[in-house]
Amino acid sequence: MSTQSLAIEAAPRTNLEPFQTRRTFAIISHPDAGKTTLTERLLAAAGAIQSAGMVRGKAGARSTRSDWMEMEQQRGISITSSVMTFEFDGLTLNLLDTPGHSDFSEDTYRTLTAVDAAIMVIDAAKGIESQTLKLFEVCRLRDIPIITFINKVDREGLSPLELIDEIQGKLALDLTPVLWPIGQGVDFGGYIDLVEKRVLNPQGKILAEYEALEDLLEVEELIDNPVFMSALETLEMAQAMLPGFDLKTFHEGHLSPVLFGSALKGVSVAELLRTLGDWGPEPRPQPALPAPIPPSDKKVSGFVFKVQANMDANHRDRIAFVRLCSGKFERGMRLKNVRSGKDMAVSNPMFFFGSNRELAEEAVAGDIVGIPNHGTLSVGDTLTEGANINVTGIPNFAPEIIRRVRLTDAMKTKQMSKALNDLAEEGVTQVFRRMMGADWIVGVVGQLQLEVLSARVAKEYGVPITFESLGFEVARWVECEDAEELKRFIAAQKTNMVEDRNGAPVFLAQNAWWADRAKQDWPKIDFLTTKERH
Ligand code: G4P
């Protein structure tokens with residue numbers, strides 16, 4: 001029997017720079033896979049909340065989730081991402097919440113630009129589902145290291161080998177087991193912890209310890225149990241098939257440690273925290289121009305990955321969520337917004353725990369601080385102590401839903417244009433203008449984003465709007481090294497062309513077939529699905 005080495009020692013936790021104690025991560029999953037349950041369990045296991053059950057949006061008054069929008073409350077979902085910061089084992093963990101509903105917004109994607117790692121939760125009965133796949137692809141764009149948590153092993157589901165096969169096949173991602181389940185569903189009898197080299201029952205009681213897996217063949221209580229023997233056999237097959245753990249490959253985003261567990265029963269949750277703490281990456285260098293920003297850089301830098309207005313209905317405030325990339329930020333510091341060139345004194349920065357906030361006196365790379373402002377900060381902005389650095393990789397995504405905005409009250413054109421511009425700056429929607437004609441066109445990534453848009457334009461600007469289809473389903477930014485060729489394309493496609501807020505040309509197509517056709521007809525033109533926000 002082969003026993004692959006998992007004995008990767010965690011980096012020693014002495015003489016660390018403060019930023020090296022940060023773990024900034026998100027949980028990605030398809031709705032119902034168990035993300036909320038797991039979040040509660042992680043927070044409870046780290047001692048950050050008294051009991052599981054406090055995070056759930058559905059719980060009402062005691063909810064720790066942001067519940068600032070009526071729509072969220074009505075639907076019992078969290079539309080916008082929030083942040084939960086908590087301590088564990090000498091580390092500061094920043095969990096960025098990505099919405100768990102069945103729809104997407106660009107917020108979800110952009111939140112992933114602010115994390116260093118992700119936990120991918122998969123329902124053992126369902127395997128890889130559509131939204132896990134979408135979110136995974138965004139992580140892959142940035143090579144974000146992923147820890148895989150296969151949830152609900154207390155229920156019948158696909159076998160561990162089937163699941164591993166499916167994940168490897170659909171995601172083209174190498175996996176290596178860290179916790180292996182002993183049976184599933186009614187047979188579920190505990191798990192083998194390949195790191196600590198021990199066998200535990202579902203309650204976490206140690207049943208046996210080993211040096212090499214073969215040693216377990218001498219433990220009578222275990223070998224008498226056919227479920228255990230079968231688990232050992234499949235583990236051996238998995239190990240023969242899969243690579244061993246390698247910290248560097250994990251940090252490069254090419255190898256994912258896999259844990260089987262049950263969020264509901266609290267099984268494997270402590271080990272998941274351990275995996276994140278011991279192996280999870282510290283803040284990574286941030287892609288930027290003219291050069292990436294190392295987290296050890298002494299000067300403060302950060303970028304806005306999300307702006308949220310009206311978190312507190314009584315204050316009508318607007319908060320920019322900033323991910324710090326380097327330096328030691330202190331309250332009261334003056335920072336420059338590189339886009340506008342303007343300095344601002346950051347006197348009321350905040351840390352978050354769900355909807356609770358407190359003043360942030362100090363923060364380092366990896367931390368998320370909220371900066372209240374009145375529209376001076378937009379998604380994608382870089383803040384520095386003066387240096388002209390621009391963080392890159394904060395994308396707009398090609399909208400999947402494209403609509404003309406209809407104003408029901410023609411007297412309110414001015415308010416509507418302000419509303420759409422403000423909300424586009426916040427990243428709630430993208431706004432396009434026709435190259436011919438004066439239509440206002442909005443583009444969003446998911447249906448819910450459209451609903452949020454009309455609800456907010458009505459509530460915050462007093463302008464009722466409706467949307468109508470233009471017959472376009474696909475949008476692509478178009479670029480070409482040959483400027484004349486681009487001009488020819490735009491002239492030929494006049495009726496299908498719009499401009500984004502920065503004046504960049506965007507080609508609209510009726511459907512994927514027409515988009516492909518245009519690509520074939522115009523081979524020199526690049527059709528882009530993402531575009532940097534600058
Ligand atoms: P989400 O945030 O990913 O959408 O999922 P959520 O945690 O809300 O979990 C979805 C459902 O799956 C919930 O049941 C939850 O109790 C259940 N669940 C989560 N983890 C496990 C697990 O490890 N084992 C089992 N058996 N079930 C699990 P529900 O009935 O839809 O909601 P509720 O009425 O229990 O709140």
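This is a predicted model: local features need pLDDT of at least 70, side-chain atom pairs count only at pLDDT 80 or more; totals for chains, interfaces and linings use all residues.
Local features were considered only at pLDDT of at least 70 and side-chain atom pairs only at pLDDT 80 or more, whereas totals for chains, interfaces and linings use all residues. Residues are numbered from 1 along each chain as its sequence is written.

The secondary structure of the protein comprises 13 helices and 32 strands; helices (H or I, at least four residues) and strands (E, at least two) are DSSP runs, numbered from the N terminus. Of the 534 residues in the protein, 45% are buried. A residue is termed buried if 20 or more other C-beta atoms lie within 10 Å of its own, exposed if 12 or fewer, and partly exposed in between, with C-beta atoms placed from the backbone. Among contacts with a separation of 6 or more, 70% join residues 24 or more positions apart; two residues are in contact if their C-beta atoms, placed from the backbone, lie within 7 Å.

The domain assignment gives domain 1 (18-279), domain 2 (288-391) and domain 3 (395-532), with bounds from an automatic or database domain assignment. The C-alpha centres of domain 2 and domain 3 are 29 Å apart. Their contact takes seven residues from domain 2 and five residues from domain 3. On the side of domain 2 that touches domain 3, three residues are nonpolar, three polar and one charged. In this classification Ala, Val, Leu, Ile, Met, Phe, Trp, Tyr, Cys and Pro count as nonpolar, Asp, Glu, Lys and Arg as charged, and the others, Gly among them, as polar.

The shell around the ligand holds 17 residues, of which G34, T36, T37, S262 and L264 come nearest; a residue is near a molecule if its C-beta atom, placed from the backbone, lies within 6 Å of it. By class, the shell contains four nonpolar, seven polar and six charged residues. Its largest share, three residues, is supplied by helix α1 (residues 35-45).

Helix α1 is mostly covered, with nine of its eleven residues buried. These are K35, T36, T37, L38, T39, E40, R41, L42 and L43. The buried residues of α1 pack against β1, β2 (83-88), β3 (91-96), β4, β5 and α9 (269-279). After α1 comes G47, with a positive phi near 80°.

Helix α4 (residues 130-141) has twelve residues and reaches 17 Å from its first C-alpha to its last, close to the 16 Å expected at 1.5 Å a residue. The expected span is 1.5 Å times one less than the number of residues. The buried residues in α4 are Q131, T132, L135, F136, V138 and C139. Seen down the axis of α4, its buried residues fall within an arc of 155°, so they line one face of the helix; the arc is that of the directions from the helix axis to the C-beta atoms. An α-helix has 3.6 residues a turn, so residues three or four places apart point the same way. Exposed residues S130 and E137 are carried by the face of α4 turned away from its buried side. The cover over the buried residues of α4 includes β1 (22-29), α3 (106-111), β4 (117-123), β5 (146-151) and α5 (160-171). Just after α4, D143 has a positive phi of about 50°.

L173 lies in the loop between α5 and β6 (174-181). L173 counts as partly exposed because it has 18 C-beta neighbours inside 10 Å. Not counting residues up to four places away in sequence, L173 touches I167, Q168 and S256. The C-alpha atoms of L173 and S256 are separated by 7.2 Å, although the two residues are 83 residues apart along the chain.

Most residues other than glycine have a negative phi, and most peptide bonds are trans. K197, in the loop between β7 (191-193) and β8 (198-200), has a positive phi near 55°. K197 is partly exposed, with 18 other C-beta atoms within 10 Å. S268, in the loop between β10 (255-260) and α9, has a positive phi of about 75°. S268 is buried, with 29 other C-beta atoms within 10 Å. The peptide bond from L289 to P290 is cis, with omega near 10°, and P290 is found in the loop between β11 (288-289) and β12 (301-309).
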